[in-house]
Each structure stands twice: as structure tokens, then as C-alpha cells.
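Visitor: I would like to go through this model term by term. Please set each value against its cut-off.

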Amino acid sequence: MRSIIIVAGTPGTGKSTVSEALSSELGCQVLEPSSVAAEYGLGTPDPERPGTLIVDEERLVAKVKELAAEGCWIISTHYPDLFLADDELYADVAFVVLLRTNPVVLERRLEERGWPRRKVLENAMAEAISYVANSLMPYADFVIEVDTTNRSVSEVVEAIMGKLGSWDTGISVDWLSDPDVVEALEAWDLELDLDQHGSG
């Protein structure tokens, strides 16, 4: 018997810490596919993005199914649709938690982690345009979305459990309705373009 909870979100939104806290709350084990890919050699280094793997997705999904064969598992990932697209895993998913963070705050958070500027920009922009959220739209009826921007881990878990109790599902956060985010997105896009192509 297997039960799966997917905790999804752009890098930096709190997936790892929230997954660990949820595991204590629900008695589940945590599995991070990115760590699985690195540990089992399921990817090759991306020459354009140091520190990033180009993952063999088919082998990764197979390994995740093997590791999470029985019991309650929390899969913490920024590619939730990869696992939801697998019929066997999909059948065992109880619900999906989607973590959101204001992209302007996310930019600062990733900078503080010492991430390369390009990686910071790509992830802040991905959150601004709801990249992960959009991938979950077909599954919105069992997605619990929580804004983590100004919340502690315990507050996020409390919000998740509250929404779970009332089955408050759906995806509604739209960062592009915030003028500050739109302004930041335009600046990031220009910065990334200049970085890639030069100013002249």
C-alpha cells in the first residue's frame, strides 16, 4: 500500500523545509528526486548551467517508484507534472501542495543563498509567470496552494493542514497582478537578455 503527497514549487519557495515538517506531522518519508538523480547517476552535467544536471526523466521516475514502493511518501520537486504523468504514481497521489513565494522576495532569498545570478533570475522569473503552477493546472482539483512569502514553516504547515481539512483546493495566486512584480520581471528579462547577448 502506497500513499504519495507531492510538495511542489519553484526552487526557494520552501519545499525541503516544509516537506520535512509535513513528514513529522503526517508520519511520511521525504524523497527529493533531484537528490535521487545525483545519487544514482541519472543525469549528466549541463554545460550551460554549472551545478545543474540534465536528468534522464524516464530512469528517474522508475527509480522514484522503486524507492517509494510502499508506505507514505512526500515527493519534493519543482517538476511535479513529471511524476503526475506516470499512471502508477498518479493513482497513489493523495494531494499536491503548491508553495508560492512573491518573486521579488524569492530573488533576494536566492541571492542570499549565493546562487549564480543567472540561476536567481531564471527562478524568480519562473515564479513570476507561474511556471510550476501552470504545469499543475490540469490537477488543480487536488492542489493545495499556499503563499509562503511572509510565513514561518510552522505557519505554512498550519495553513496546509487547514486547507486539507476543508478540502480547499485550486490555484489562484497571480503575481502578474502586482505592479511591483511586473516591473521587476521586465528588469530581470532585460538583465538576462544583456547577459546572454551583450549590450551591443
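**Helix contacts, a disulfide and loop residues**

Guide: T17, V18, A21, L22, E25 and L26 in α1 meet V153, V156, V157, I160 and M161 in α9. By class, this contact of α1 with α9 has 9 nonpolar, 1 polar and 1 charged residues. The model is predicted, so local features need pLDDT of at least 70 and side-chain atom pairs count only at pLDDT 80 or more, while totals for chains, interfaces and linings use all residues. Residues are numbered from 1 along each chain as its sequence is written, and side-chain values use heavy atoms, with hydrogens and water left out.

Visitor: What do "meet", "nonpolar", "polar" and "charged" stand for?

Guide: Contact means heavy atoms within 4.5 Å. Ala, Val, Leu, Ile, Met, Phe, Trp, Tyr, Cys and Pro count as nonpolar, Asp, Glu, Lys and Arg as charged, and the others, Gly among them, as polar. Helices (H or I, at least four residues) and strands (E, at least two) are DSSP runs, numbered from the N terminus.

Visitor: Why are α1 and α9 called oblique?

Guide: The axes of α1 (residues 15–26) and α9 (residues 153–166) come within 10 Å and cross at roughly 60°. Axes are lines fitted to C-alpha atoms, for helices over the stretch in contact, and angles run from 0 to 180 degrees between N-to-C directions. Angles under 35 degrees count as roughly parallel, over 145 as roughly antiparallel, 65 to 115 as roughly perpendicular and the rest as oblique. The α1 and α9 pair is therefore oblique.

Visitor: What is the arrangement of α6 and α7?

Guide: The axes of α6 (residues 103–112) and α7 (residues 117–128) come within 9 Å and cross at roughly 155°. That value makes α6 roughly antiparallel to α7. In this contact P103, L106, E107, L110 and E111 of α6 meet R117, V120, N123, A124, E127 and A128 of α7. The classes here are 6 nonpolar, 1 polar and 4 charged residues.

Visitor: How do you know that C28 and C72 form a disulfide?

Guide: A disulfide is a pair of cysteine sulfur atoms within 2.5 Å, and the S to S distance of C28 and C72 is 1.8 Å. The structure holds 1 disulfide. The pair links distant parts of the chain, with C28 in the loop between α1 and β2 (29–31) and C72 in strand β5 (residues 71–77), 44 residues apart. With 55° about the S-S bond, the link of C28 and C72 is right-handed.

Visitor: What makes C28 buried, and what is the class of C72?

Guide: Buried means under 20% relative accessible area, exposed over 50%, and partly exposed in between (1.4 Å probe, protein chains only). C28 has 8% relative accessibility, so C28 counts as buried. C72 has a relative accessible area of 23%, so C72 is partly exposed.

Visitor: Why does P47 count as exposed?

Guide: P47 has 73% relative accessibility and therefore counts as exposed. P47 lies in the loop between β3 (43–45) and β4 (53–55).
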